[in-house]
Structures are given as structure tokens and as C-alpha cells.
Amino acid sequence: MSDHVSEQSAPAKRPVQLFRNMSAKIASIPMILTALVVFVGGTTWTVVHSFTSSRLLPKLDFVGLDQYERLWSTPRWLISIENLAIYGLCSMILTLTIGFTLAALLDRKIRFENTFRTIFLYPFALSFVVTGLAWQWILNPDFGLQQVVRDWGWESFAFDPLNNSKIVIFGILIAGIWQGSGLIMCIMLAGLRGIDEDIWKAARVDGIGTVKTYLRVIIPMMRPVFITSLVLIASGIIKLYDLVVAQTNGGPGISSEVPAKYVIEYMFRAQNLAQGFAASTMMLVSVVVILIPWAYLEFGGRKRG
Amino acid sequence: MKLSTKLLAATAMVAAPAVHAAELEVTHWWTSGGEAAAVSKLAEAWEAAGNTWIDGAIAGSGGTARPIIISRIIGGDPMAATQLNHGRQAEELIEAGLLTDLTEVAEANNWADLINPPSLLDACTFEGRVYCAPLNIHSAQWLWLSHDAFETAGVDVPADWNEFVAAAPALEEAGLLPLAMGQQGWQQNIAFGTITIGIAGVDNWLAVNRDKNIEVAEGPAYTAVFEAVEAARALAADSSVQDWNLATNLVITGQAGGQIMGDWAQGEFQVAEQVAGEDYSCLPGLGLNAVLDTGGDAFYFPVIDDEETRAAQLEMAAMLVSPEVQVDFNLAKGSLPVRGDVDLSAANDCMQKGLAILASGEGILPSGDMNLSADTQTQVEDLMAEFWSSDLSAADAQARYVDIIRSAD
Amino acid sequence: MVDVAMSGPRGPKPKKAFSTRNIMLYGTLILVSVYYLLPLYVMIVTSLKGMPEIRLGNVFSPPLEITTAAWTKAWSEACTGINCDGLSRGFWNSVQILIPSVVLSIAVASVNGYALSHWKFKGSELFFTILIIGAFIPYQTMLYPIVILLREIGLMGDLGGLVLVHTVFGMPILTLLFRNYFTSIPEELFKAARVDGARFWGIYFRIMLPMALPIFVVAMILQVTGIWNDFLFGVIYTKPDTYPMTVQLNNIVNSVQGVKEYNVNMAATLLTGLVPLVIYFASGKLFVRGIAAGAVKG
């Protein structure tokens, strides 16, 4: 790829161009191979096979858009998309809000900052499987939260998200935010620490309130921090799988299914690889559609040293 | 002469430990109490012959285990033997030449005459060659009833599904759950299939599952089935357990009246030391149509490029079908043996019922695994998961079912 | 950039100890802490109870009678199939997978980040963008191509194959971290070294590495947790003898024999989470510093 580009840009100086920076190019071979062979190669392979009728083993007998037509007429896929949209939107808003608020609170020169920070961050050390199991246990209607509140005397209290198909996705959301918000808090805190103290002084001199200063001055200054956070949150959302499997396994019925789970189950349980590939291609397309503008702004729009 | 004897002896000494110390890695998803007890019978028999059994149990049922098994076979680094449901699951692997041909073992041990019903061997046979060793027969069409629960409710233990439905209000009044149901699609699909055979009868079931007859699937017989499932859904409304054996446990402890589940539930009753006919009863075909399907487990042996491993694989295949292993394993697992010539007088009431149906040669159905592809089955399971746990109407569910059957293969 | 994180909070100074503001502030923090600590508390409490007590009580009540039976069972007795040796045999397997994977993935990613920040070449940004998009691909969809890839290079079922997979999938986020960090190192330093005749590797080992300690800590923590917690790759690219601890955990939690033993499940869960948890509790401060240094420069 690199020598191809240099050939176009400077044909006369080609050998020089090619051998310039040689160590860096050699050192980047693992990255180039990963990018081209695994990510580009692997996804191309997947996309190509989504147009076939592969079942248990991949084969190249093309059937056009059949898999996609079936995908979009499958109720389970539609429910999966809807769940991911609800989860994704809520998770993004709540994780950012909670992460930022906690970081702002910790930044108020409080005592025990390290203790609080450790408490907020430790869930990130636990896997989604562990997270799912712990919250499944807390939300268990017979032993968990619901029963405790009832024992306190509020007999009619009902909070049973994991067995109620209308709100089950929020039961998963509670666990997802618990696991992921600490990291975002950490990043936000680092961002806040990077803001010059003079800004605060200036705001105080101008008589701007604390909340207003955060909203009007600090947050706009932290744009790159928010972008990094968004990338991290979003990459987690689209991969949502383990948590659902551990917590509800898609139930009750199919009401907490998510796209990644559809992909896995059609690839392996239903032994219909092409259907799973078609679903994963749709996931990939949505990722690319969301990310390309961002990548352009980040890397294409401005030059860096 | 002397030299050659010496040579022979030397070769034998070198070869003997190699053959006898065969180490085979075996993957399976048998991890419940009864299942683990059964699989240890296989391991014992294998190790008694001087071999080593490397247990590759993967919990979480076939859904978790199958991708692992198939990836490893495709990746060229397979286990030596693996459980898979027989039927259409392995066809493509056979076509790709990834599974060991067991025909010589089958012929040497006369499987063709011994295996009963013959459909089990047919399911292992592809283009005239045998590729799997059938291990047991599992039938899904059983209703398990708790005597305790019906005693508490003050009604007689039902003799068929209709009586069960009639007795349900009494159970509910006594604060018991009428029907225990694990909230997983495959279990709900088993209940659906069993109710179909009970309500619509064998001919209709075959017309849809084997012949993919749309008219029957749309017809009144199936309408009655979907309405019956809708009614059963109300009986299981308060059942929030996930795993099948937790649902079985509700029946064992008398918290639920009954459960529709395959004969593997038997193993759980056995582990809990319950006696068939005293503590619990079982009704094949819901007591309406005493038929059983003949699905079951089989072992496949992925091709490994090593002559000694291949010999050991063949040895294990022969062992699995041998009379002793058939008796020990099936008594522990609660399933039926794949050969009619073994003595199972030690079997309890429920197994005897199954054996009688098998021996009569009537009422034997091929299992769903042999009729429908995994893809179609998954779609039906998804539909059932949705139907059992939402307020989807019987008519809508039937319409969706017809669509799935229409595109089935 | 590097030292910013160490310079302490920048918010307005606090007033008296018991002002309304402080009560509100600490009240909120403590309330939120309850939400974060609840699952850990529940897991610990449940793991110390016996089954009869679990069935009678609720999940929050402290154990009346503390028993470590569940811990012993989870560590060395719980059964999967016919193996009844609990989590213990997975622990060393996990360590053996962890160490080479962490070392290799960090080594590769740090060199990537270094090349991307100071030795850009035509196309390097393109490869980087591909990597970042790769971070969003659900691993599961890559399972098949990777099985085929590993088969072709003969590493399927080998520890080396698993290490390679962890290196590949850890690469996007780690490369992003290292690239951001190295970009923030002053260009003058780099130029001065070049004038002195140092080349690619010379500058990397003598200037960049010693300065990059905080970000190495972050990378290490992320990788240790990520690889230790991995289930999917561990189960597909290993064999029963070498199954990592998470696979054993899944087996124990999903092998229900009779009734679900919540106490054993919770003890097993805690045991499996112990390694990453200890690392977080021990190095939380370093982690925050590293994050400040690496992630903030977007």
C-alpha cells in the first residue's frame, strides 16, 4: 500500500521514497498485516459470504440478497435492533452524564478522593459475565431487591426487570452502566485536571456560577475528552453480547435479544453461516456509517506533527 | 525364525503400550447431575481397557458447545471424539471429509442387524458409509408429574394431558405452579412438538415436519394445537426458571404439577432418589398418543492424521455400542439403548414404558433433528420463545409458523 | 501534558467542613458509592452463606453463620462433566496465557504508536483508521476468518495462536493510547536525538520507553483485565487441558446439578475476578495518571 502511494506521488524519487523511513515501515509490519489481513481481509471474507447460501461450512454459491431479505423480515432481528438502539442511546447519555458528574464531584477538592475513585472504577475490572451474574442475582425477584423492599413493608413494590419483557433491556442497562461508567469517570477526571486553573479564576471574577461554568466553559473545552469517551462507549455498545447472555440469555422469550447474539446463534446454533454473516455485515455497515465522518474529522481534516 | 520372533516381540512391546495408552479427548455438553453420572460410565469403561479419557465438558448446552466443536474441527485441530445430535447436523462435515469413516467397525460388530430402530443407523449413514456411533435414544414426548403436588391439591394424578389441564385450577388454588417450563426456546419447542403429537396426532405431525405440507400446517388440526399451547402458556405463566433441570427440580420438590420434557429428565429424578410410580409418574406422548420420537445422542470422530489415534477412535466407537456400556450408560442417563438385545430389567417404570413402545415397533417417529435443518429448528425455537413468553395470539403464531415451514428445507 | 494529572484538583477551594455544600457533595458521593459497591457486597455475602440460609433470607442480609465451604468447593471441588477439581486447574492456565499475550501485545502496540506519532509514512494514517474501525467489530463475527487464518499458518489450537489473537484484538485501543501519548512528547526532544544521530530503534529504546512508563501501566492494566476476562477466544483456541479460568467459571456456573448453588457460583465468580480486582485496587492511582496522559489528547 505505502509504496503504491509513493509511486503515484513521486515516481522519480521512488527508490528513495520507498527506503526512506525503512525501520518505521518494517516496525509497522505487524500493524499493517493486522489491518489488512485480519480486519480488511476478515470483513471482506464475511461480507462476500453473506451473499451465499453457506450453511455449516462456508461455500461460494451466490444467492444475491436472499439473506438480507430474510434478515429484515425476521421479528427477532428487528427486536434485536430496537433493543440495541434503546440500550445504545441510554447507555451513551447516562454513561457520559454519570461519568462527567462523578468526575466533577471528585474534582471539588474532596477528601478520600482515591477511595471514591477506586469504588467507581473497580467494576471495570470485572468481566461482563461476572457483571451479568451479579446483577441477575440482585434483580432476582424472590431474593433480591424486590423482596427486600417488600420486607421493609412496601408490599406492592414491583421491580422485576429481568422477568418483564417490556423493561428487561433496562435491567441490562443498569448492569452495563455499573460496569462501564467508572472508566469514563476516570477519563473525564483526567480531562478536568488538564484545564487551566486560570479559567476557574476568570469565571469567579466574572461571577459565573459553578454549574454554569461547567456547562458553558469547561465542557466545550473538553471536546476531545468527550470524543475519546464516546468512541470507547460506542465500541462497547455494538459488541454487547456477554452481558446479555449472562444476565438474561435473550429472555424472557426473545425480548432482550441483541444483534451480536443473533449473529452468533445463526452462525453456530442454526448452522446458517450466511444468515449470521448478513447480520454482521449490517452491523459493520452501521459502524462504518457512524465512524467515517468521525475518522475524517479526526485524521483527515487536520494535520498533525 | 528366532530373529523374527524377537523382532515381533520387540514390535509388540513397542506397539502395545501405544495402543493401550490411547488418550482421547472427548467433548460433550453433559453437565447436569444425571448426565455427568452417565458420562462417567463411559469414561470408566474406556479407562478399564487401559486408555485415558480426557474430558472436554463444555457447560451451557449445545448452544455454547457447538461453535467450539465445529470451529475446532474446521480449524484442523479437532478433539478425538465428540457428542453431536445425530441427524442432519453433520452432513456438511462428512462431505468435507472431516469425519472418520466407521464402516469397518459397524460391519465387524454387525450394527446393521443390532441397532434398533434402524433409523438411528440411517441417520449416521451418508452415501452408504457409517460416520457416527449411536449411543442412546432420547424421546422428547413425556409429561412428568409430581405425585406430591397433586396430593397437596387434593386431586388424582392425571392420566393424560386433558385431565392435567382440568386439574390445573386445583393446583393453582393450592398455591402451586401447574406447569413448570424453562424459559428457553428449545424447551418450549419440545413442549410444542409434544402437544402437537398429542392433539393433532402422528399423521399431521409427519405431514408438516417430514413432508412440509403447508395445508396441514394452516389447517384446523394445527389451529387446535396452537390454541392448546396458548392454554398451556397460561398454566406456565409463573414459571421463571431458565434451565430445564431447574424446572424438573420444581416437579421433584412438588412445587409444580408437571413438566413436558424429554426422557433425560428421568436422570434428575434418579439423582434425587425418587421412585417412578410412587413419587412421580410419566406419560409418553402426553398419555394421548403413546408415541416416541427416536432422537438421541451420537458420537462423531473427527479425522486426525495419526494411525494410532484412528485405531483408538474405532475402538471407542465399538465400545460405545457394546452391550455393557449400553446398559450402564442408559440406566444412568434415563435414555433407551440403541440395541434391542440387552437386558434392561433393572430399568424403572418409566423406562419400561419407553422400552415397550420401542419393542412394539409402533409409534416410533424420527426425531425433529432428522426432519428439519438446524436453521429451521432455530427459527421455530425463536418463534416458540416469543410465543410462550409474550401475548402473541395463537392465530398470529400459527401464521408465522406456516411461513417458517414454507421456507423450510 | 504528562505532569498535569499529578498536579491535583483544580476546582474552587472548599469552605467549612459541614457546609450544606459539603453535605450535598459527600451525600451524593456516598449514595452513588452504594450503587457501585452493592454487587461486590452481595457477591461476598452470598459466597459466605450456606444454601439453606440463602433460600430463607434476602441477598443483602449479612451471613448469620459464616462458612467458607462455598469457596473451597469453587476452588477445588466443583464438577463439570466428570472433572471435579473446580477452578484450580484453570488458574495456572490463565497465567500461562496471560503473560506472553500481555508482553507481546504491548510491545507491538507501543512500536505502532511510536511509528504513527514520529515516523509517519504514506498510508500510516489509513492503517490506523482501519485499526480503529476494527475496534468496533464484534469479535464473534471474526471467529470464522480467524479459524481459517490460524489453520493456514498452523497455529490453531496452539498457545501461540491464542497469544496472536489477543495481540491482534488488543491492538486498536492500545495503539490509540500509545499514539496519543507519544504525540504529546515534545517534537524538539525527538529532533535533538535525530541530530545526535539516533535512529528509529535508538530513539525508541533510549528516549521514548523511559518516558512512557505511565502509559505502559495503563496498557498493562487494560490488557491484564481484558485477557484474563476473555472467554470466547480462550474456549475456542485452546483445549480442555489448557482451558483458562473463565471457561472453568462458565462450566461451574452453568453446570447445574440439582439446585443452583448460588454461594458456589458467587465464590467462583469472585475467585475468577480476583486477579484484575487486585490489580485495580493496587494501581488505581497509576491508572488514572496514565489515562490522563494517554487518552485525553484525543
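How many helices and how many strands does the secondary structure of chain A come to? The count is 16 helices and zero strands, where helices (H or I, at least four residues) and strands (E, at least two) are DSSP runs numbered from the N terminus. The model is predicted, so local features need pLDDT of at least 70 and side-chain atom pairs count only at pLDDT 80 or more, while totals for chains, interfaces and linings use all residues. Residues are numbered from 1 along each chain as its sequence is written, and chains are lettered from A and ligands numbered from 1 in the order in which they are written.

Chain A can be described by its overall dimensions. Its C-alpha trace spans about 80 × 60 × 30 Å along the principal axes. The radius of gyration of chain A, taken over C-alpha atoms, is 24 Å, whereas a compact globule of 305 residues would have a value near 19 Å; the globule rule is 2.2 Å times the number of residues to the power 0.38. Of the 305 residues in chain A, 49% are buried. A residue is buried if 20 or more other C-beta atoms lie within 10 Å of its own, exposed if 12 or fewer, and partly exposed in between, with C-beta atoms placed from the backbone. Among contacts in chain A with a separation of 6 or more, 67% are between residues 24 or more positions apart; two residues are in contact if their C-beta atoms, placed from the backbone, lie within 7 Å.

Contact between them involves four residues of domain 1 of chain A and six residues of domain 2 of chain A. On the domain 1 side of chain A, one of the touching residues is nonpolar, three are polar and none is charged. In this classification Ala, Val, Leu, Ile, Met, Phe, Trp, Tyr, Cys and Pro count as nonpolar, Asp, Glu, Lys and Arg as charged, and the others, Gly among them, as polar.

Within chain A, A:G251 sits in the loop between α14 (242–247) and α15 (259–269). A:G251 is buried because 24 other C-beta atoms lie within 10 Å. Which residues does A:G251 contact, leaving aside its neighbours within four places in sequence? They are A:S256, B:Q183 and B:S389. A:I237 is 14 residues from A:G251 along the chain, and their C-alpha atoms are separated by 19 Å.

Chain B contributes a sheet. Four strands form an open sheet of mixed pairing, in the order β8-β9-β7-β10 (chain B); two strands pair if DSSP finds at least two bridges between them. β8 (177–180) and β10 (280–284) of chain B stand at the edges with a single partner strand each, so one side of each has no neighbour in the sheet. Neighbouring strands of this sheet are turned by 20° against each other on average, direction ignored. Strand β7 (residues 142–146) of chain B pairs with β10(B) in the antiparallel sense over five bridges. B:W142 stands opposite B:P284 in β10(B).

Chain C has 13 helices and zero strands. Its C-alpha atoms fill a box of roughly 75 × 70 × 30 Å along the principal axes. Of its 298 residues, 52% count as buried. Helix α6 (residues 143–152) of chain C is mostly covered, with seven of its ten residues buried, among them C:L143, C:Y144 and C:P145. Just after α6(C), C:G154 takes a positive phi of about 70°.

Chain C is divided into domain 1 (14–67) and domain 2 (90–244 + 256–294), and 34 Å separate their centres, taken over C-alpha atoms. Eight residues of domain 1 of chain C are in contact with seven residues of domain 2 of chain C. On the domain 1 side of chain C, α1(C) gives the most, with four residues.

The contact between chains A and C takes 89 residues from chain A and 83 residues from chain C. Helix α4 (residues 29–49) of chain A supplies the largest share of the chain A side, 13 residues. By class, that side has 56 nonpolar, 22 polar and eleven charged residues.

Key: Axes fitted to C-alpha atoms, helices over the stretch in contact; angles between N-to-C directions. Domains from an automatic or database assignment.
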